Amino acid sequence: MSNYQLIYFPLRGRGQATRYLFVDNGIDYKEENCAQDWVKTYKPKMPFGQSPLLKDGDFEVAQSNTIMRHLGRKHGLYPSDLQEAAKADMITDHVEDIRGPYVRMIYQNYENGKDDFVKTLPEKLGYIENLFKKWGTEYITTKISFADYILFDLLDTLQILTPTCIDALPTLKAFYDRMASRPNLKKYRETEEFKKMPVNGNGKQ
Ligand code: 0HH
């Protein structure tokens, strides 16, 4: 019996991959919106002064990718094979190498920085395409793992920014479509709750 609470802002941001993992696997969770009175009430209670925070019963986990790995280990979504685990981890780290500049561009330099950021994507996404071709599996590994939700959310976010960014990458596109058509994710992504959620906290996307 799980007792999860996700504390985050009402936006996709760094919380969305966790929502996908919960929804896709039918894991019950509650969400607490920390936007109201963030600075006075929530921020001081966060281990690193930032959200998301996952409460797993009394245990608190911070850092979005750590939250994903923690849930992965608990729910059979972290590969048990060492090499498969390394594949999931390396894609997670590469996604982070894309998400960092994305977040800086969105929050600090959208008007002047968007075009330059978009120009970096063919190379950065091409690396994932090549690995997918080499590994030859439907997901990052043979079975879906925490990292697939992280990659799916990144690809979704990037396509909102630049809709054609994976069109020339057929293996990555097939992965994206495979994730989007998983029944629980498809149903969730059709809800108003999902559709009305902003991607970022400043209205840029
Ligand atoms: N490495 C961390 C992780 O992966 C980074 C977390 C992070 O950047 O979990 N958290 C941000 C929210 S995500 C945070 O807590 C970006 C959404 C920004 C929405 C801003 C709304 C602000 C309302 C006052 N940011 C708040 C902070 O640092 O004080």
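A residue counts as near a molecule when its C-beta atom, placed from the backbone, lies within 6 Å of that molecule. The model shown is predicted, with local features needing pLDDT of at least 70 and side-chain atom pairs counting only at pLDDT 80 or more, whereas totals for chains, interfaces and linings use all residues. Residues are numbered from 1 along each chain as its sequence is written.

**View 1. The shell of residues around the ligand.** The ligand is surrounded by 14 residues, and the closest are Gly 13, Trp 38, Gln 50, Ser 64 and Gly 201. By class, this shell holds four nonpolar, eight polar and two charged residues (Ala, Val, Leu, Ile, Met, Phe, Trp, Tyr, Cys and Pro count as nonpolar, Asp, Glu, Lys and Arg as charged, and the others, Gly among them, as polar).

**View 2. Pro 101 in helix α4.** Pro 101 belongs to helix α4, which spans residues 82-108 (helices are DSSP runs of H or I with at least four residues, numbered from the N terminus). Between the C-alpha atoms of Pro 101 and Gly 113, which are twelve residues apart along the chain, the separation is 9.8 Å.

**View 3. The contact of helices α1 and α6.** The axes of α1 (residues 16-24) and α6 (residues 146-161), which are lines fitted to C-alpha atoms over the stretch in contact, come within 9 Å and cross at roughly 130 degrees. By class, the contact of α1 with α6 has seven nonpolar, one polar and one charged residues.

Notes. Helix = DSSP H or I, 4+ residues; strand = E, 2+ residues; numbered from the N terminus. Axes fitted to C-alpha atoms, helices over the stretch in contact; angles between N-to-C directions. Contact = placed C-beta atoms within 7 Å.
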